[in-house]
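Hi,

Here is the structure I promised to send over. Have a look at it first, and then read on for my notes.

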Amino acid sequence: MNIGFIGLGIMGSPMAANLLKAGHTVTGYDVSAERVDQLVALGGKGASSVVDAVGGADAVITMLPDSPQVEEVAPLVVEYARPSLLYIDMSTIKPETSRRVALRAAAVGVRALDAPVSGGERGAVDGTLSIMVGGAAEDVEAARPILSALGTTVVHVGPAGAGQTVKAANQLVVGGIYGLVSEAIVLLEASGVDPAAGLDVLAGGLAGSRILELKRHTMVRREFAPGFRIDLHHKDMGIAVAAAREAGVSLPLTGQVAQLVAAARAQGHGSLDHSALLKVVERLNG
């Protein structure tokens, strides 16, 4: 398929590369010309604008930082789309934004899906992302050849906006686990126990998780190079808290995790990986 890809950041660049490996033609656009050049070096095509990336595409993927960027780009995608274009927004944004985009797209025959991802930079590079998709069932099936090149778990979770709601749930769980792993490290070290050995045991038992599998060693070494930045997780926790309010449910632990993430950002750690919640827990303990 001819795919326009808009947003070639930490996640978008390796995702676009995997689409190329799967045999698709990818035309990429990003505000950074350097990132576009990197895609071209891999065999992709460069676009000079959003409109340029959309023209002639069978499908368009957006991978953007937040709702305002999607709200800016989506009208251009819809306006310049070919009939029956698949518009797959893989950003993490507010569910209501995805619903508005889907309504606007449907009015002109564009098939819109919200398909946020989980798995971080490593999952994007390896093509092992978990993808939660909201939209019409027939459109999800049409998009599956594209999505299967990006992830190993592709699940249709409901109508427009449902993918974003599931992603909000994902982010509150991820943030909570990072917070608890941080507290475990602080407890182990304060008690004179080797945290690396202790977390090895935890990773092999009921407490095991993907986070412990991938991040325990770098957390113990205090290496926080961003795979997913605190700034973005702060935005995502805001989405989760707002979704809870809209649904009329109380999520007290989510509120606490949101405050920990906010504290990390306030302490100047916004550009670090979200595993840097450990720095907040350390600061609480002097």
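Is R222 buried, partly exposed or exposed? R222 is partly exposed, because its relative accessibility comes out at 27%. Before going further, bear in mind that this is a predicted model.

You'll find R222 in the loop between α10 (210–220) and α11 (230–247). Its phi is positive, about 60 degrees, even though R222 is not a glycine. Most residues other than glycine have a negative phi, so that one is worth a glance in your viewer. R222 is also part of a salt-bridge network together with E189 and E282.

S84 has a backbone of that kind as well: phi is near 65 degrees, again positive in a residue that isn't glycine. S84 is in the loop between α4 (67–80) and β5, and with 41% relative accessibility S84 counts as partly exposed.

On to the salt bridges. Searching the whole structure gives 15 of them. Here are a few:

- R221 and E223 pair through their side chains at 3.0 Å, N to O. R221 is partly exposed at 49%, and E223 is partly exposed at 39%.
- R229 and D231 form another, at 3.6 Å from N to O. R229 has a relative accessible area of 29% and is therefore partly exposed; D231, at 27%, is also classed as partly exposed.
- R35 bridges to D30, with 3.4 Å between the closest N and O atoms. Here R35 is partly exposed at 35%, whereas D30 is buried at 8%.

Then there's T92, in the loop between β5 (86–89) and α5 (95–106).

V166 belongs to helix α8 (residues 162–190) and is partly exposed, with 33% relative accessibility.

That's what I have for now.

Cheers

Technical notes: Residues numbered from 1 in each chain as written. Predicted model: local features only at pLDDT ≥ 70, side-chain atom pairs only at ≥ 80, totals over all residues. Heavy atoms only, no water. Helix = DSSP H or I, 4+ residues; strand = E, 2+ residues; numbered from the N terminus. Buried < 20%, exposed > 50% of the residue type's maximum accessible area, 1.4 Å probe, protein only. Salt bridge = Lys/Arg side-chain N within 4 Å of Asp/Glu carboxyl O.
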